[in-house]
Each structure stands twice: as C-alpha cells, then as structure tokens.
Amino acid sequence: MRQSKKGLVLWLGVILLLLIGALWAGFAGRTESVQETMRDAVLHDVNRIDLFGLMEVTPGLISAFLVTAALLIGAALLRVFAIPRFRYVPGKLQLALEEAVGLFDRMSSGSSPHRCGFLGAYIFGAGAFIFAGTLFELLGLQWMTVQGRPVTLPAPLSDINAAIAMGTLSYLVILSGGIAGNGVRGVGRTLKEFSLPISMSFRLFGALLSGLLVTELVYYYVSLSFILPVAVGVLFTLLHALIQTYVLTMLVSMYYGEVSEPGEPKKKEKMKS
C-alpha cells in the first residue's frame with residue numbers, strides 16, 4: 001500500500017513538473033499572434049517550404065507527396081506480400097481489404113451498373129487518399145520552413161489547391177463516363193453540372209479547414225492544450241475523414257451513373273405499305 005502511494009505521488013510530481021515546463025515554454029516561445037496563426041493556416045503566405053531548391057511550396061503539398069508515397073508503397077507491399085497469401089477462409093487483413101474493396105464496388109455498381117469497373121477503381125483511390133490524407137494530420141509531423149522554423153504538416157486537402165485539384169479530377173472522371181456511355185450527348189449532360197467541381201472542391205476545403213482551424217486555435221492557447229486537443233483533434237479528424245470520403249465518393253458515383261446511363265433507343269415506326 002505504501003509503495004503504491006509513493007508511486008502515485010511520484011507520478012503526480014512528474015506530471016506537475018511537465019505541466020510547469022509546458023506552460024513556461026508556451027508563454028516564452030510565442031512568436032506570432034493568433035490572428036497570424038489562423039491567417040497562415042488559410043493562405044499559407046508565411047510558412048512556406050523549400051522544395052529541393054526549385055521553388056517555395058505550401059506545407060499541404062509536402063503532405064500530399066508523403067501521403068501519396070505512403071499509399072503507393074503500402075499498395076505495393078500488399079500486392080507482393082499479402083495478396084498472394086489470401087485463402088478461401090479469410091484472415092483479419094484479408095477480411096478488412098475485401099470489405100473496403102467491396103464497399104466501393106457496391107457503391108459504384110449500385111450507381112452505375114452498366115459501367116462500373118473504372119468508377120469503382122477511381123472512387124476507391126480517391127476515398128483512400130481523402131481518408132489517409134485527413135488522418136495524416138494526427139501524426140503531427142514537423143517540417144522546416146524557409147524562415148528556419150518548424151511547422152506541423154496539415155492534411156493535404158486543407159490546402160485550397162489540393163481541394164480544387166481533387167474536385168476537377170473528379171469532374172473529369174464524370175465527363176469521361178458521359179463520353180464513354182453516350183458520346184456527345186454525355187458531354188452535354190456533364191456540362192449541365194458546371195458548378196459541380198466548384199462545389200466539391202469547396203466542400204472538401206471548407207470541411208477540412210474548419211477542423212484545422214479549431215485544432216490550431218485550441219493548441220495556440222496553452223491553458224487548453226493538455227486535454228482538449230486529444231478530444232477535439234481526434235474527433236474532428238475522424239469525423240471529417242469518414243464523412244468527406246463518403247460524400248465525395250457518393251457524389252462522383254451518382255453523377256457518373258447519371259451521365260453514363262445509355263439513353264433509350266428511339267423506336268422507329270414501320271410505314272405501312
């Protein structure tokens with residue numbers, strides 16, 4: 001009993017020392033106001049990163065490169081080491097992969113049963129990038145800026161450029177489905193939804209940026225930076241990862257199926273002789 005009390009007192013003393021040190025470091029190391037912190041989280045006009053001496057880029061681009069590399073390496077490792085060992089009775093990894101692939105396959109075949117092969121592959125890739133990219137900010141990886149100070153790498157899609165690229169690419173995929181399914185008529189069907197890439201881009205950007213700004217605000221004030229970030233950061237990140245992955249893949253599937261659906265052939269009435 002005495003040993004347990006001593007251990008508890010020791011742990012409380014260590015926690016108290018860490019708390020005092022964190023408070024002192026937080027107040028002593030403040031270099032910019034909360035307005036500057038929030039502004040740079042949106043515009044990225046201060047904390048920029050040198051890309052191999054070629055140009056200065058935003059932290060979101062570095063995040064996109066790292067997430068893409070991680071997904072490609074992970075896919076290669078699964079293809080080489082895991083998939084050849086799949087069995088009729090699936091294990092945990094095989095079951096998880098089959099469920100993930102089956103989820104997007106059912107979504108694509110339900111929305112576009114006449115042309116779902118490429119659609120399923122695209123929404124699986126886009127969904128994996130959105131989900132992994134959103135969870136990426138939980139790692140808290142640091143990178144040095146051109147000013148020589150560290151910055152935490154954000155989620156790739158919290159950068160407006162990445163969100164616009166994802167929205168535009170999704171729109172082009174929908175356009176390709178319209179052309180493949182209906183030719184020129186498919187182009188006309190797709191062009192009717194001219195605001196679609198804008199809405200998809202800003203939906204991704206706004207949702208992920210809101211979580212980033214809330215987390216930045218909580219971390220800025222040291223008095224809130226011990227318990228709240230765990231709940232706020234994880235909650236916002238997980239919800240955004242799941243919701244935004246589902247929303248974009250569902251919209252792409254729905255519009256792809258609509259524009260690629262073959263039109264009914266016109267019935268030619270036979271002239272009675």
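The report below takes up a helix pair, a nonpolar core and one glycine in turn.

## Packing of α3 against α5

In this predicted model, helix α3, which spans residues 59-82, packs against helix α5, residues 117-136, at an angle of about 120°, and their axes lie 10 Å apart. Because angles of 65 to 115 degrees count as roughly perpendicular and those over 145 as roughly antiparallel, this angle makes α3 oblique to α5. The crossing of the two helices, α3 and α5, is right-handed.

On the α3 side the contact is made by Ser63, Ala64, Leu66, Val67, Thr68 and Leu71, which meet Ala128, Phe129, Ala132, Gly133 and Phe136 of α5. By class, the residues of this contact between α3 and α5 comprise 8 nonpolar and 3 polar, with no charged residue among them.

## The largest nonpolar core

The largest nonpolar core holds 34 residues, of which Tyr122, Ile123, Met166, Leu204, Leu248 and Val252 touch the most other members. At least two residues of this core come from each of β1 (49-51), α3, α4 (92-111), α5, α6 (160-182), α8 (196-220) and α9 (228-260).

Gly60 is placed in helix α3, and Gly60 counts as buried because its relative accessibility is 3%, where the cut-off is under 20%.

Apart from neighbours within four places in sequence, Gly60 is in contact with Pro154, Pro156 and Asp159. The C-alpha atoms of Gly60 and Ser158 are 7.2 Å apart in space, although the two residues are 98 residues apart in sequence.

Note on methods
Residues are numbered from 1 along each chain as its sequence is written. This is a predicted model: local features need pLDDT of at least 70, side-chain atom pairs count only at pLDDT 80 or more; totals for chains, interfaces and linings use all residues. Side-chain values use heavy atoms; hydrogens and water are left out. Axes are lines fitted to C-alpha atoms, for helices over the stretch in contact, and angles run from 0 to 180 degrees between N-to-C directions. Helices (H or I, at least four residues) and strands (E, at least two) are DSSP runs, numbered from the N terminus. Angles under 35 degrees count as roughly parallel, over 145 as roughly antiparallel, 65 to 115 as roughly perpendicular and the rest as oblique. A crossing is left-handed if the near helix is turned anticlockwise from the far one by less than a right angle, and right-handed if clockwise. Contact means heavy atoms within 4.5 Å. Ala, Val, Leu, Ile, Met, Phe, Trp, Tyr, Cys and Pro count as nonpolar, Asp, Glu, Lys and Arg as charged, and the others, Gly among them, as polar. A nonpolar core is a set of buried Ala, Val, Leu, Ile, Met, Phe, Trp, Tyr and Cys residues joined through side-chain atoms within 4.5 Å. Buried means under 20% relative accessible area, exposed over 50%, partly exposed in between (1.4 Å probe, protein chains only).
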